[in-house]
Every structure is written in structure tokens, then in C-alpha cells.
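Here's a quick briefing for anyone meeting this structure for the first time. Have a look at it below, then read on.

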Amino acid sequence: MLAYVARRLLLMIPMAIGMVVITFGLLLLIPGDPAAVLLGQEASAEAIENLRNALGLNDPWYIRLWDYFAGLLQGDMGTSIFQNRPVASIIATRLGATLELAIVSLILATVIGLTLGVIAAIRQGSWVDTATMLFAQLGVSMPVYWLGLLLMLAFAVMLGWLPAVGRGVPLPEAIGAMFTGNFGPIWDSLSHLALPAIALAANSAAVISRLVRASMLEVLREDFVRTAYAKGLRRPRVVVRHALRNALLPVLSIIGLRFGALLGGAVLTETIFAWPGLGQLTISAISQRDLPLIQGIVLTFAIIFALVNLIVDLLYAAVDPRIRLG
């Protein structure tokens with residue numbers, strides 16, 4: 001197992017190199033001049049040219065790419081053009097908020113998706129099955145920004161139950177305060193987290209529920225499930241311990257992929273709800289043509305996604321002994 005993990009971690013190196021090269025090439029195609037954006041419309045051509053020279057924007061693309069890789073080898077992701085701070089430091093201050101939103105959304109989507117998928121499978125053809133698939137169709141079809149605005153209008157503006165924007169107390173700090181008997185921070189954190197997490201999780205919950213239903217229906221027809229019923233085992237035990245465990249393998253794959261989709265969806269969700277994470281930072285960096293910051297954010301997302309896929313592969317072995325023995 002350790003050798004497998006080591007190989008996967010080593011494979012992340014060429015993946016990161018390829019991601020950096022592709023992102024760098026795409027950034028070269030983005031219209032607009034960072035120096036002109038930074039100095040404003042009234043800046044002279046000479047001032048813009050001097051700033052471009054100072055930032056290294058006039059260097060050939062291969063020199064700039066080489067310098068970036070040289071900095072990465074030293075742990076330097078560059079310096080933000082507009083904030084004049086190390087990119088790694090800026091990302092570190094925002095990464096926690098994005099991971100908090102993405103992880104909570106993934107947990108919410110997984111719980112809802114598994115529950116609805118299992119219920120729909122064991123009640124195939126009933127009104128429960130129909131209602132579940134209708135929810136799944138709505139969840140897949142509705143854009144995250146539209147659902148976010150509807151949730152904000154309903155629960156923040158009309159009902160006034162939940163705050164519309166902002167993060168509140170970071171969830172890890174709120175959980176720590178809860179164990180000391182202070183429940184105010186956890187309510188503040190969850191109330192700010194509820195709307196963006198639901199908006200971000202809806203699409204993934206719908207996809208997971210459809211896949212769980214299809215996988216469960218296939219497993220429930222297997223001989224070992226009928227044998228379990230013939231032995232007199234109760235239905236909940238057969239469904240959870242026998243059928244669901246064998247139906248989880250394709251579900252684990254989609255959960256890992258959905259985490260990447262959640263990171264991408266966080267860009268829109270964080271913008272709508274003013275969530276201070278990497279998604280909101282990405283929009284700001286693109287509008288300002290802050291190339292080093294965009295490059296650092298994309299590289300960070302790629303590494304997180306690769307690590308999540310590694311964790312999913314390890315969970316495969318935990319769920320299916322055949323993979324572990326193989």
C-alpha cells in the first residue's frame with residue numbers, strides 16, 4: 001500500500017508540470033495588459049512599458065516559464081501583481097474557506113444522494129421513486145448561480161432566517177468552541193454556511209442519487225442478495241450491509257469527480273454569497289489580469305483534486321477486498 005501511495009504521489013509531479021504549462025499557455029491568450037490595468041487608463045505608454053519590464057512581462061515566454069518552474073522548485077509560486085504579496089501567502093489565507101465549503105457540500109451531497117438513491121431503489125416504481133428522480137432531474141438541470149439566488153431570496157430576504165453573504169466564524173474554530181460549551185460560534189458558522197453549501201451540493205446530490213439508484217437496482221438482483229433474504233436476514237441489514245456495500249464502487253468514483261466539480265462550482269457560489277475563498281479570489285484575479293495569482297490558484301486546485309482521487313482509490317481497497325488483495 002505504501003508503495004502504491006508513493007507511486008501515485010510521484011505521478012503527481014508530471015501532472016503538475018503539465019497543468020502549469022497548459023495554464024501558462026492559456027494565460028498568454030488572455031486579452032489585456034496587467035501593467036495597463038494596474039496603472040489605469042490615464043497612464044502613459046512609457047510608464048506602462050517600464051512596468052512591463054519591471055514585472056518581466058516583456059521577457060520571452062520560455063524565459064518566464066523557466067523562471068516560474070525555478071521558483072516552484074524553491075517553494076515560490078511568484079508574487080501577485082496587484083497585491084504585491086507572495087501568491088502562496090494569499091492562497092493560504094483563502095484556501096481554508098474554500099475547502100470548508102467544498103467538504104461540507106460534498107458531505108451534504110453524499111448523504112442526500114445515498115439516502116435518496118437507496119430509498120428510490122428499494123421502492124422502485126412507487127411515487128417515492130418518481131419524486132426522487134424528479135428531484136434528481138431538477139438538481140442536474142438547475143445552474144448553481146440560479147439556485148443560489150433563489151435560496152438567498154427565499155431564506156435571507158423574504159424569511160430572514162439565514163444571512164445572505166459572508167462566512168462567519170470558521171467551522172473548525174466553531175467546533176472547538178462548541179466542545180467548551182460555547183454554542184454561539186457553531187450557529188454563526190452553520191447559518192452562514194447553509195445557503196452556499198446547499199446551492200453547491202444540489203447538483204452533486206442529484207447525480208449521486210441517480211447513480212446509487214442504478215447501481216443498487218443491479219446489485220439487488222444478484223444471487224447473494226436473494227440468498228441473504230433466504231437466510232432470514234432483515235431487509236435493512238441486507239440493503240445496507242450486503243447490497244449498498246457492493247454498489248458503492250461506482251459511487252466512490254463519482255464522489256471523487258464531484259469534488260473537482262465542487263471546487264469549480266465554488267467560483268460562482270463564492271461570488272454570489274461573498275464567500276471569502278479561492279473562488280472569489282479567482283474572479284478578482286482574472287478581472288485584474290493577475291497572471292501569477294491565477295497560475296497559483298489553478299495549480300492548487302489541480303493538486304487538491306489529485307489528492308482527493310488518491311484518497312478515493314484507497315477507499316476502493318477498503319470497500320472491496322478483491323482490489324486490496326489484487
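Is Thr282 buried or exposed? Thr282 is buried, because its relative accessible area is 13% (buried is under 20%, exposed is over 50% and partly exposed is in between, using a 1.4 Å probe and protein chains only).

Keep in mind that this is a predicted model, where local features need pLDDT of at least 70, side-chain atom pairs count only at pLDDT 80 or more, and totals for chains, interfaces and linings use all residues. Residues are numbered from 1 along each chain as its sequence is written, and side-chain values use heavy atoms, leaving out hydrogens and water.

**Confidence**
- The chain has a mean pLDDT of 82, and 96% of its residues reach 70 or more (pLDDT is the predictor's confidence in each residue, from 0 to 100).
- Of the chain's elements, helix 5 has the highest mean pLDDT, at 89, while helix 14 (residues 321-325) has the lowest, at 55. Helices here are DSSP runs of H or I with at least four residues, strands are runs of E with at least two, and both are numbered from the N terminus.

**Around Thr282**
- You'll find Thr282 in helix 12 (residues 278-288).
- Leaving aside residues up to four places away in sequence, Thr282 touches Ile297 and Phe301 (contact means heavy atoms within 4.5 Å).

**Helix 5 meets helix 9**
- The axes of helix 5 (residues 87-122) and helix 9 (residues 184-220) come within 4 Å and cross at roughly 35°. Axes are lines fitted to C-alpha atoms, for helices over the stretch in contact, with angles from 0 to 180 degrees between N-to-C directions.
- Residues in this contact of helix 5 with helix 9 split into 23 nonpolar, seven polar and two charged. Nonpolar covers Ala, Val, Leu, Ile, Met, Phe, Trp, Tyr, Cys and Pro, charged covers Asp, Glu, Lys and Arg, and the others, Gly among them, are polar.

**Aromatic pairs**
- The count comes to two aromatic pairs (rings of Phe, Tyr and Trp, the last by its six-membered ring, pair if their centres lie within 6.5 Å; planes under 30 degrees apart are stacked, over 60 edge-to-face and the rest tilted).
- Trp61 and Tyr62 have ring centres 5.8 Å apart and planes at 85°, so this pair is edge-to-face.
- Phe155 and Trp161 make a tilted pair, 6.1 Å centre to centre with 45° between the planes.
- Trp161 is exposed at 57% relative accessible area, and Phe155 is partly exposed at 29%.

**Pro172**
- Pro172 sits in helix 8 (residues 171-179) and is exposed, with a relative accessible area of 60%.
- Pro172 and Glu100 are 72 residues apart in sequence and 8.7 Å apart in space, C-alpha to C-alpha.
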